[in-house]
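These are my notebook entries on one protein model. I set down what I looked up, entry by entry.

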Amino acid sequence: MDELEGSPIPKKEEVAGLVFYSLLAGATALIPIPLVDEWSYAAVRRRMVREMFRQRGIRAEGVQLGILLGQYDPDRSRGCLYQAFFALVVLPLRMLSRFVRDVFRKILIFLAVKQASDWASAVFHEGYLLRCAAGKLPPQAMLGRTEARRMRYAIRLALRGLNTSPVWNVFYGIIRLNRSLLRSVASHVSRFGRQDRKPGVEDAGESGAEESLRQERRLLDDVVNRLADLLAGQRGYLSQLESRFDQFYRSVGPDSSGNP
């Protein structure tokens, strides 16, 4: 089996870290408050990337993280007229449609579990490929905007058209059986999601974030271990995923103008 240089198939302990954040992301879909679920989902993704890069000694500022996650790119913002139209017309309509959709989704348990599985699977795949990308940077590196765009673009290409059912099915089975537990976790995550939206608050305070993480880890410890065992066994699938990312990472090149 081929493995990428600098990013071998991870051990169960590494998979467990990705699984933990993936389950947190899935839990946010069970938050019964429209919009707060999406704020919390975005906060979980940022927390995952910060911790992953911090463990590898890679420095990444808020702007670079926004680019990497496809949330914000100041160098590619559009004109003032479009921004005003978006804020006054498009955004309110989008929020209204989202609110109506979320209200019905919260009523129908099946759709809520499906959404939770979608988000958990998406974060696992994103985190796994970010792990591959981080392995290509030297220790103590400072992530630049150009490299962040290259990573983001390669991840999008690698996931486009990919059959993610091997991982999605695993998450769906676990989430369906542990829905009550994940709802308890969702109450913790929703509080963090609201704090994370406050202006000037990057990580909702280190002490509060760390305490929240400790509580969530205690609640999810058994489920995380079971999921890590199942996903660590998907070596063929994970190897294919890494190979796809490596192919596109090399093809887009460091000066790619692709829009992440």
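In what order do the elements of the protein run from the N terminus on? I read the order as α-α-α-α-α-α-α-α-α-α. The secondary structure comes to ten helices and zero strands; helices (H or I, at least four residues) and strands (E, at least two) are DSSP runs, numbered from the N terminus.

**Basis.** I note that this is a predicted model, in which local features need pLDDT of at least 70 and side-chain atom pairs count only at pLDDT 80 or more, while totals for chains, interfaces and linings use all residues. Residues are numbered from 1 along each chain as its sequence is written, and side-chain values use heavy atoms, with hydrogens and water left out.

**Whole chain.** I looked up burial next. Of the 260 residues, 48% count as buried (under 20% relative accessible area; exposed is over 50%, and partly exposed lies in between, with a 1.4 Å probe and protein chains only). The protein exposes about 12,900 Å², and carbon and sulfur atoms supply 55% of this area (Shrake-Rupley method, 1.4 Å probe). Among contacts with a separation of 6 or more, 87% join residues 24 or more positions apart; contact means heavy atoms within 4.5 Å.

**Core.** Which residues touch the most other members of the largest nonpolar core? I found Leu-23, Phe-124, Phe-171, Leu-227, Leu-231 and Phe-245, in a core of 69 residues. Helix α5 (residues 109-134) gives the most to this core, with 13 residues. Such a core is a set of buried Ala, Val, Leu, Ile, Met, Phe, Trp, Tyr and Cys residues joined through side-chain atoms within 4.5 Å. I then followed Leu-227: with neighbours within four places in sequence left aside, Leu-227 is in contact with Val-19, Leu-23, Val-170, Phe-171 and Ile-174.

**Second largest pocket.** I recorded about 240 Å³ of space here, a volume being the space filled by probe spheres set on grid points joined across faces, edges and corners. A pocket is an open set of points on a 1 Å grid over the protein atoms alone where a 1.4 Å probe fits, with protein on both sides within 12 Å along at least five of seven lines; lining residues have an atom within 4 Å of a point. The lining includes Glu-14, Tyr-21, Glu-51, Arg-131 and Arg-217. Both α1 (12-28) and α2 (36-55) supply at least two lining residues each. I sorted the lining into four nonpolar, two polar and five charged residues (Asp, Glu, Lys and Arg count as charged; Ala, Val, Leu, Ile, Met, Phe, Trp, Tyr, Cys and Pro as nonpolar; the others, Gly among them, as polar).

**Loops.** Is Ile-31 buried or exposed? Ile-31, in the loop between α1 and α2, is buried, because its relative accessible area is 2%. Its C-alpha lies 6.9 Å from that of Ser-190, 159 residues apart in sequence.

Arg-59 lies in the loop between α2 and α3 (62-68) and is partly exposed, at 49%. Beyond neighbours within four places in sequence, Arg-59 is in contact with Gln-140, Ala-141, Met-142 and Leu-143.

Thr-164, in the loop between α6 (145-159) and α7 (165-177), is partly exposed, at 25%.

Gln-234 counts as partly exposed because its relative accessibility is 24%.
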